[in-house]
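Notebook open, two chains to look at. I want to see how they meet, then how the second one is built.

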Amino acid sequence: MIAEIFIVALLFLLAGFIIPLVVRSDRRILRTISYGCTIFASAFLTTLSLPVLIGSGTIMFPAYAPAGLFSIGFIIDRLAAFFLLLIAVVSFCVALYSLEYSEHTNGGVRRNLLCAGTNLFVLAMVLVVAAADTFSFFLFWELMAAASFILVMYEYDRPSTPRAGIFYFVMTHLSALFVMLGILLLWFESGSFALEHLAGTPSLLATCAFVCLFCGFAIKSGIIPFHKWLPYAHPASPSPISALMSAVMLKVAVYGLLRFILDVFSPELWWGVLILVFGTASAVLGVIYALKEHDLKAMLAYSSIENIGIIFMGIGLYVVMETSGLPVLATIALLGALFHSLNHALFKSLLFLTAGSVIHATHTRDIEHMGGLIHRMPVTGALFCTGSLAIAALPPLNGFASELLIFIAFFTSVTIVDPILKVFLFLCLALFALTSALSAACFVKAFGSVFLGMPRSQESEDAREMPPLMLLGPGILAAACVVLGVFALQVITLAGFAVPLPDLFLVGLLLLMMLVLTYAVLFFTSPRTFRVSETWGCGMHFQEAGAEYTGHGFSEPLDIIFSPLYRTRIRNERQFYDEHNVIFKAGAAEIRLLRVFEEYLYLPVARGFAALTRTIAQFQNGCLDTYILYVFVTVLALLVFLGWSA
Amino acid sequence: MSTDFILYLLLNTALVLLIAPLFSGLIKKVKAWTQGRQGPPLFQQYFVLVKLVKKEVIYSPNASWVMRAAPLVNMAAILVAALFVPLVFVPEPVGGIGNIILFMYLLALARFFMALAGLDAGSSFGGMGSSREMSFSAIIEPTTIIVFAALAIVFKSLDIFAMFAGSLATGTLATPTLILIGISLFIILVVETSRIPVDNPETHLELTMVHEGMLLEQSGKNLALMELSAAVKLTIMMALLINLVIPAGLALTLTTAGILLAALLFVLKGSVLAVIIGLFEASMAKKRLFQVPSLFAMAFFFSTLIIIIEVLA
């Protein structure tokens with residue numbers, strides 16, 4: 001019965017993909033049907049994955065094997081069910097939002113492609129997570145990459161999109177290449193494409209396979225230094241797609257890493273340290289770059305890098321604990337990583353969707369041109385505020401609950417024997433705390449600049465609240481953020497794990513009590529009248545939006561404190577009329593933020609490859625005689641080789 | 001939840017609310033004396049709060065619900081955080097109340113809303129205050145967490161209740177580590193409660209202000225809440241330091257005599273600490289904004305030292 005539900009969900013997604021493509025007409029009903037398919041499929045997937053998650057047993061599907069070695073099969077165990085649930089919940093809300101959003105965007109019949117692509121993308125992600133062997137895993141991984149590329153390129157007529165698209169294409173295929181390499185190496189090691197456990201100390205081949213797979217998944221999930229595609233691809237793609245990519249696709253990469261670490265490899269200590277180092281670097285640098293951004297969606301993209309870093313820290317900690325013989329702490333760390341994956345999916349899609357509404361209302365992505373939107377879009381503002389509270393890891397919301405699990409794992413890691421490792425873990429802990437506090441600063445800046453104060457442009461002045469469906473989708477996500485935070489302990493207990501997590505329900509209750517109490521005391525002791533009067537504007541008669549503290553201004557102290565990390569290049573050219581450089585003629589000055597990773601890592605590698613391909617291209621000179629010579633040389637070489645070996 | 005715990009909730013909240021304005025008044029008094037001034041009366045803070053509650057609230061036309069909600073949320077978060085630090089009586093912990101990480105993040109919750117309120121009116125002063133407050137709180141965080149982690153190592157628990165009980169069991173000033181932790185906690189106290197040399201709680205000048213800048217738009221009962229919550233925060237940070245380093249007198253059982261004695265001792269110890277804070281402030285100058293991070297870096301290396309000593313010992 002449950003197996004059939006899964007097939008039905010897949011068929012719904014397939015229908016949602018095919019219908020708007022086959023019937024090529026620009027009608028709303030087509031898109032509604034298509035997104036309706038996503039919604040139904042998501043509902044089915046949720047009902048399917050919940051019982052498996054609580055522990056009703058694994059669902060197996062008979063494998064389809066067209067040619068001996070290669071087979072396509074599905075298996076849904078608890079890990080897969082968890083990620084299926086994550087995909088389903090986010091797709092459900094994104095589809096609800098898109099029902100309305102797609103009608104408000106331009107593009108005519110091209111919008112059919114958007115909903116078809118969304119369905120294909122969700123389908124591919126579901127298939128990756130449910131894949132039973134490495135061959136089908138890779139197949140669907142490629143499908144996911146292709147579908148997401150189409151969606152990133154959706155607004156291809158905007159000048160910045162093709163560059164972002166190409167960047168994404170290259171990076172995502174680099175990831176696929178590494179994953180393929182890893183899977184092939186595993187095949188050499190074990191002789192099959194099945195996801196089977198390699199017991200004992202990993203051989204050199206298995207270690208290489210792990211490194212390849214780690215690189216592949218790190219690129220796909222945006223771990224620094226492979227992160228550069230995120231801040232390009234997200235601003236370029238439509239907001240619901242950004243939400244799906246950031247909230248779900250990055251998690252599919254996390255799923256891949258977890259699947260291979262848990263089910264295939266027997267990890268060693270240094271693997272955990274490696275994952276932890278990359279995770280910590282991404283978390284800290286991600287949030288520091290996010291602080292500097294004033295493009296709302298690029299900021300959210302950097303914040304995704306930060307959160308993926310936190311998830312990787314959890315995974316790395318799991319491996320370190322597991323290999324140090326501390327299974328209880330390992331479980332806490334792993335639960336923290338998994339729970340944070342789910343929580344990040346919820347609040348990041350919430351933030352991307354509400355950011356999409358804001359961008360739609362103000363026609364700009366620059367937070368310096370927003371402001372005062374809380375009066376114009378009150379519900380969107382409240383939803384964005386909930387998302388900000390969750391992502392800033394404030395109790396009693398869900399972001400805090402999962403970070404607390406990782407904190408607890410770090411705090412209790414003192415039972416590890418090796419002192420050097422202990423000091424290293426405490427350094428990671430300190431950076432983790434820094435990350436979480438900086439993300440609070442980052443989202444005070446985001447919420448403050450976008451929603452509070454006065455509008456800084458005419459578009460923001462004229463902004464209007466969104467229609468109900470564009471509030472319902474994010475609304476469900478916001479509710480989920482609150483519920484998963486307040487009932488974090490209960491949810492984890494229900495899943496069958498005992499963790500030393502404080503009862504956030506009690507804390508929430510106490511907070512509410514104190515709130516009511518304070519309000520009641522003031523209600524009875526203090527006058528209830530209030531007056532609305534001008535803010536003091538330093539002697540000015542009225543306040544001007546231009547005098548307001550901007551987003552740039554807000555992050556300035558942190559900019560200066562972390563200035564060694566932001567490499568800037570200052571150009572100051574001046575021309576003078578006289579030779580003593582006294583009478584100024586003309587000049588230009590510029591302070592430019594260096595894209596460190598791009599200029600020192602990506603471009604040199606790209607240039608190297610370009611040079612290599614140019615060298616190889618010289619062999620192909622278009623002259624028939626040369627090609628005959630190549631054939632002759634090859635035959636000669638073959639003859640010599642065969643004679644030698646015989 | 002036992003009756004003991006419910007009594008603890010009531011007792012701790014009442015005590016912290018009653019005593020908080022006294023300590024901040026005492027610090028002001030000490031500072032005035034060192035400067036050769038008479039200073040406001042010791043109980044001036046209470047009068048100020050009563051006066052503010054009686055006054056009308058004024059909102060900016062730009063202000064939204066954030067401005068109205070922030071003082072309440074701030075106060076509620078600080079009051080719940082106050083429940084995590086027993087002043088006089090240490091009960092059995094219930095449902096993770098007392099978890100030191102949760103305590104840290106409740107303070108962050110209060111700060112988050114205060115910073116949003118600073119931005120809400122669109123005044124450049126408020127924005128400046130919020131920006132600086134969030135920056136400082138972010139870069140002190142590694143130090144705070146390392147000190148808390150060191151505490152967790154020393155007392156083998158994440159629970160502040162258990163830490164106090166453990167400190168009480170081993171006696172006063174037990175280890176050199178505890179003294180080091182005490183010094184680090186003192187620096188954190190100074191930063192968290194916006195005191196000299198990080199911030200100046202006395203002035204509203206744009207060059208010095210951080211915390212006060214955020215409150216510039218607040219008035220009436222909202223300002224009263226903000227002031228009271230700042231005083232409560234000061235008191236609980238002081239209590240954390242006192243009850244870890246000099247825990248003598250803390251009650252572990254709920255008897256009237258024990259509680260009274262503990263309360264008396266706490267007020268006494270708190271007053272001494274308040275005098276020390278006052279003298280410390282009076283002997284320091286406010287640091288320039290961008291020299292503050294180097295102070296934090298010093299505090300960080302200091303606290304890392306504790307960890308290294310603890311780990312290698």
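This is a predicted model: local features need pLDDT of at least 70, side-chain atom pairs count only at pLDDT 80 or more; totals for chains, interfaces and linings use all residues.

I started with the strands and found β5(A) pairing with strand β1 (residues 57–59) of chain B, parallel, over three bridges. Pairing here needs at least two DSSP bridges between two strands. I also looked up A:Val532, and its bridge partner in β1(B) is B:Tyr59.

Residues are numbered from 1 along each chain as its sequence is written, with chains lettered from A and ligands numbered from 1 in the order in which they are written.

Next, the interface: I get 66 residues of chain A in contact with 66 of chain B (contact means C-beta atoms, placed from the backbone, within 7 Å). The elements of chain A that each supply at least two residues to that side include α15 (398–411), α20 (504–525) and β5 (530–532). α16(A) gives the most, with 16 residues.

Then chain B itself. I count 11 helices and one strand (DSSP runs: H or I of at least four residues for helices, E of at least two for strands, numbered from the N terminus). The order from the N terminus is α-α-β-α-α-α-α-α-α-α-α-α.

Last, I checked the extent of chain B. Its C-alpha atoms fill a box of roughly 55 × 45 × 45 Å along the principal axes. Of the contacts in chain B with a separation of 6 or more, 81% join residues 24 or more positions apart.

Note on methods: Two residues are in contact if their C-beta atoms, placed from the backbone, lie within 7 Å.
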